[in-house]
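Okay, thanks for coming, everyone.

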Amino acid sequence: MPIRKPSAKVASVGVTRTQLYVEEQLEWLFRRQPTEDYGIDAHVEIVDGENVRGRLLALQIKSGASWFREPTDGGWWYRPDEDHVTYWSHHSLPIAVVLYNPVSKACH
């Protein structure tokens with residue numbers, strides 16, 4: 001019988017929580033990347049009032065308590081691997097990394 005790893009559940013919840021934040025708090029559009037991704041989990045499109053601006057931002061969403069092991073003043077250290085940095089630096093969109101904390105259920 002297949003086994004669902006706890007990390008898969010946390011990752012799914014992290015994307016869902018990020019989507020809720022983007023849609024409810026920012027009132028922007030959120031588009032999951034349901035196909036195979038290489039460091040981009042979603043795209044968001046900026047909405048200003050009722051005006052869709054045509055401006056996109058790519059999101060890399062990292063979920064789990066392990067991403068919060070290195071606190072610093074005002075946040076946490078995030079240490080991406082070299083392959084992701086190379087991919088993001090050549091991407092056509094600006095990239096934002098979202099860290100989801102399953103303990104506090106907050107996106108940072």
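So, aromatics: Trp-67, Tyr-78 and Trp-88 make up one aromatic cluster. The pairing rule takes rings of Phe, Tyr and Trp, using the six-membered ring for Trp, with centres within 6.5 Å; planes under 30 degrees apart are stacked, over 60 edge-to-face, and the rest tilted. By that rule we get three aromatic pairs. Phe-68 and Trp-76 form an edge-to-face pair, at 4.7 Å centre to centre and 85° between the planes.

Quick bookkeeping. This is a predicted model, where local features need pLDDT of at least 70 and side-chain atom pairs count only at pLDDT 80 or more, while totals for chains, interfaces and linings use all residues. Residues are numbered from 1 along each chain as its sequence is written, and side-chain values use heavy atoms, with hydrogens and water left out.

Phe-68 is buried at 12%, whereas Trp-76 is partly exposed at 30%.

Now the packing. A nonpolar core here is a set of buried Ala, Val, Leu, Ile, Met, Phe, Trp, Tyr and Cys residues joined through side-chain atoms within 4.5 Å. The largest one has eight residues: Val-15, Val-22, Phe-30, Ala-42, Val-44, Leu-59, Ile-61 and Val-98. H1, strand E2 (42-48) and E3 each give two or more residues to this core; those labels are DSSP runs numbered from the N terminus, helices being H or I with at least four residues and strands E with at least two. Apart from it there's another core, of seven residues, including Ala-58, Phe-68, Trp-88 and Leu-99. In soluble globular proteins, nonpolar side chains tend to be buried together.

Gln-60 sits in strand E3, residues 51-63, and is buried, with a relative accessible area of 4%. Contact means heavy atoms within 4.5 Å. Skipping residues up to four places away in sequence, Gln-60 touches, among others, His-84, Trp-88 and Val-98.

Last stop, Val-10, in helix H1, residues 6-26. Val-10 is partly exposed, with a relative accessible area of 24%. What does Val-10 touch, not counting residues up to four places away in sequence? Ser-63, Gly-64, Tyr-100 and Pro-102. And Val-10 is 91 residues from Asn-101 in sequence, yet 9.1 Å away in space, C-alpha to C-alpha.

Notes. Buried means under 20% relative accessible area, exposed over 50%, partly exposed in between (1.4 Å probe, protein chains only).
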